[in-house]
Every structure is written in C-alpha cells, then in structure tokens.
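Work through these exercises with the structure open beside you. Try each task before reading its solution.

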Amino acid sequence: MERVIDLDQAAAVIAERAARWLAAGLKVGQATWRDETAPWPQRFETDRTLVRDPDSVGVFIAGPADAELSVVLFRGGWADVDYFDGLGDAGPIPAFGINSAAAFGTQLDQWVPHVFGNLGKS
C-alpha cells in the first residue's frame, strides 16, 4: 500500500483532539493500530510499539443516546468512517483523498460534529 500519510502524525492529531472531546462528555477509545507485516488475521493493537509497519490507525468515539463514530485511517489516504447519531441517522461517510495528517484533522473536525452535534469551543 502506498504511504501517503504518516500514521504516527495522524495519531497525534487524534490525541490533540481527545481532550476536547472528553471535556464535551464523549468517550474516546485508545488508538488502535494494524501492522501490515503481521500474519493473517492481523490483530488490532493499542500499543504502538508492537506494530512494526502500521497500515492503519483508528479511534472509536461514543456519546449520548448511543451515538458513536468509528474512524480507521489507512496510510494510503482514505478512511473507513461509520457512525450512528443516536437518533436514527447512521451509515458510512465517504473519506478519500486524505493526503496529510492535517487534512485528516480537518476531516475529524467535520465528522465529530456531524455525529455528536456542536461541542462548543474550549
């Protein structure tokens, strides 16, 4: 898989936003990593040091009314994004052409309010 995004930088983007999400009352899971060189079936790891050649990093966020957002970013520049807003709206969100960790942060800043509403500024 082509390396478009540095996943360690993308994980830092998640970590930068996690405090704000937590302060807004959301539950933020640990980042999960998948190692491309691991034997099939590849396990998801929460300890980055166990992953030699990461091909994805993900995060799960939960909020009120059973709302949830699952994001898995692949180093090739796309993400698998699925959500349920707790009110009946659910499904995948298209996420292609992500070419940097900063662009990933911009997407996160759109996906989180889409699912959980305006969290306010902190």
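## Exercise 1: a helix pair

Helix H1 (residues 7-23) and helix H2 (residues 101-116) pack at an angle of about 35 degrees, and their axes lie 9 Å apart. The model is predicted.

**Task.** State the hand of the crossing of H1 and H2, then list the residues that make the contact and sort them by class.

**Solution.** 
1. H1 passes H2 in a right-handed crossing.
2. From H1, the contact uses Gln9, Ala10, Val13, Ile14, Arg17, Arg20 and Trp21.
3. From H2, it uses Ala101, Phe104, Gly105, Thr106, Leu108, Asp109 and Val112.
4. These residues divide into 8 nonpolar, 3 polar and 3 charged.

## Exercise 2: two hairpins

**Task.** Trace strands E4, E5 and E6. How many bridges join E4 to E5, and how many join E5 to E6? Which residue in each hairpin has a positive phi?

**Solution.** 
1. Start with E4 (residues 54-62) and E5 (residues 68-74). They run antiparallel and are joined by 7 bridges.
2. Look at the turn. The hairpin of E4 and E5 has 5 residues between the strands, and alanine 65 there has a positive phi of about 60 degrees.
3. Move on to E6 (residues 78-84). It runs antiparallel to E5, with 7 bridges between them.
4. Here phenylalanine 74 stands opposite tryptophan 78 in E6.
5. The hairpin of E5 and E6 has 3 residues between the strands, and glycine 77 takes a positive phi near 105 degrees.

## Exercise 3: aromatic pairs

**Task.** Count the aromatic pairs. Is the pair of phenylalanine 74 and tryptophan 78 stacked or edge-to-face? Why does the pair of phenylalanine 104 and tryptophan 111 get its label? Is each ring residue buried or partly exposed?

**Solution.** 
1. There are 2 aromatic pairs.
2. Phenylalanine 74 and tryptophan 78 lie 5.3 Å centre to centre, with 20 degrees between the planes; the pair is stacked.
3. Check accessibility. Phenylalanine 74 has a relative accessible area of 9% and is therefore buried, since buried means under 20%. Tryptophan 78, at 29%, counts as partly exposed.
4. Turn to phenylalanine 104 and tryptophan 111. Their ring centres are 6.3 Å apart and their planes stand at 65 degrees, so the pair is edge-to-face. The cut-off for that label is over 60 degrees.
5. Phenylalanine 104, at 0% relative accessibility, is buried. Tryptophan 111, at 3%, is buried too.
6. Link back to Exercise 1: Phe104 is one of the H2 residues in the contact with H1.

Technical notes:
Residues numbered from 1 in each chain as written. Predicted model: local features only at pLDDT ≥ 70, side-chain atom pairs only at ≥ 80, totals over all residues. Heavy atoms only, no water. Axes fitted to C-alpha atoms, helices over the stretch in contact; angles between N-to-C directions. Helix = DSSP H or I, 4+ residues; strand = E, 2+ residues; numbered from the N terminus. Left-handed = near helix turned anticlockwise from the far one by under 90°. Contact = heavy atoms within 4.5 Å. Nonpolar A, V, L, I, M, F, W, Y, C, P; charged D, E, K, R; others polar. Pairing = 2+ DSSP bridges. Phe/Tyr/Trp six-rings, centres within 6.5 Å; stacked < 30°, edge-to-face > 60°. Buried < 20%, exposed > 50% of the residue type's maximum accessible area, 1.4 Å probe, protein only.
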